[in-house]
Amino acid sequence: IVAIIISIPLWIIGAVFSIRAVHVLASPPHYEERDVGRVLKEKDPGNVPVYILDWPFLETISYYGNQKLSILGLESSGTTLKAPFYMITNNPVMTYFYNREGELMSGYEDVRVLYRGRYLVLIYTEKDFVLPEFSHR
């Protein structure tokens, strides 16, 4: 009986710490990665390339989207991407595509934003474009 009385509070404490651990393992960006993957799966790119620019975590997007991702780093500045393609990146990188009025800059007018979250953006275009010069490489 004493062992049962002592073990019940320990089980409760263990359950609380386990629930907290799950929250830490699944961070807010993880949920956006899942959402982006689901949008990709819905769009079913087929042979259309899916680029991921300046985002270090690929597994969740690739898993939920059932897609192979082509990695681009900030050193890819000035690279011409042949359309059509999808591109996943983060919000700070997307600022290079917009002017101060919040409109897409020249050369990026045909970009369609398919998903925008707090951390990630998924775009699609049917027109070639050149990646901007990233100053924070």
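1. A residue is called buried here when its relative accessible area is under 20%, exposed when that area is over 50%, and partly exposed in between. The model is a predicted one, and the points below should be read with that in mind. With this cut-off, Val50 and Ile52 point one way from β1 while Tyr51 and Leu53 point the other way, and all of them are buried.

2. The sheet to which β1 belongs is open and has five strands, in the order β2-β1-β4-β6-β5, with mixed pairing. Its edge strands are β2 and β5 (112-116), each of which pairs on one side only. Taken on average and ignoring direction, neighbouring strands of this sheet are turned by 25° against each other.

3. On one side, β1 runs parallel to strand β2 (residues 70-72), and three bridges join the two; within this pairing, the bridge partner of tyrosine 51 in β2 is serine 70.

4. Two of the partners in β4 can be named: isoleucine 88 is the bridge partner of isoleucine 52, and threonine 89 is the bridge partner of leucine 53.

5. What is the sense of the pairing between β4 and β6, and over how many bridges does it run? The two strands pair in the antiparallel sense, over six bridges, and asparagine 90 has leucine 120 as its bridge partner in β6. Six of the six residues of β4 are buried, so this strand is largely enclosed by the rest of the structure. The cover extends to both faces, with Phe85, Met87 and Thr89 buried on one side and Tyr86, Ile88 and Asn90 buried on the other.

6. In soluble globular proteins, nonpolar side chains tend to be buried together. In this model the largest nonpolar core has 18 residues, and those with the most contacts inside it are Leu81, Met87, Phe97, Phe129 and Leu131. At least two residues of this core come from each of β1 (50-53), β4 (85-90), α4 (91-94) and β6 (120-125). Apart from it lies another core, of 15 residues, with Val39, Leu40, Val50 and Leu69 among them. If residues up to four places away in sequence are not counted, leucine 81 touches Tyr51, Leu72, Met87, Asp128, Phe129 and Leu131.

7. A pair of aromatic rings is described by the distance of the centres and the angle of the planes. The structure holds nine such pairs. One of them is formed by tyrosine 51 and phenylalanine 85, an edge-to-face pair with 5.6 Å from centre to centre and 75° between the planes. Tyrosine 51 lies in strand β1 and phenylalanine 85 in strand β4, so the pair ties together parts that are 34 residues apart in sequence. Both tyrosine 51 and phenylalanine 85 are buried.

8. The rings of phenylalanine 97 and phenylalanine 129 have centres 5.7 Å apart and planes at 70°, so this pair, too, is edge-to-face. It links distant parts of the chain, with phenylalanine 97 in the loop between α4 and β5 and phenylalanine 129 in strand β7 (residues 129-130), 32 residues apart. Phenylalanine 97 counts as buried because its relative accessibility is 1%, and phenylalanine 129 counts as buried at 4%. Tyr51, Phe85, Phe97, Tyr108 and Phe129 form one aromatic cluster.

9. Leaving aside residues up to four places away in sequence, glutamine 67 touches Leu40, Pro45, Gly46, Val50 and Ser62.

10. Isoleucine 6 has its place in helix α1 (residues 2-25). The C-alpha atoms of isoleucine 6 and leucine 114 are separated by 54 Å, the two residues being 108 residues apart along the chain.

Key. Residues are numbered from 1 along each chain as its sequence is written. This is a predicted model: local features need pLDDT of at least 70, side-chain atom pairs count only at pLDDT 80 or more; totals for chains, interfaces and linings use all residues. Side-chain values use heavy atoms; hydrogens and water are left out. A nonpolar core is a set of buried Ala, Val, Leu, Ile, Met, Phe, Trp, Tyr and Cys residues joined through side-chain atoms within 4.5 Å. Buried means under 20% relative accessible area, exposed over 50%, partly exposed in between (1.4 Å probe, protein chains only). Helices (H or I, at least four residues) and strands (E, at least two) are DSSP runs, numbered from the N terminus. Contact means heavy atoms within 4.5 Å. Two strands pair if DSSP finds at least two bridges between them. Axes are lines fitted to C-alpha atoms, for helices over the stretch in contact, and angles run from 0 to 180 degrees between N-to-C directions. Rings of Phe, Tyr and Trp (its six-membered ring) pair if their centres lie within 6.5 Å; planes under 30 degrees apart count as stacked, over 60 as edge-to-face and the rest as tilted.
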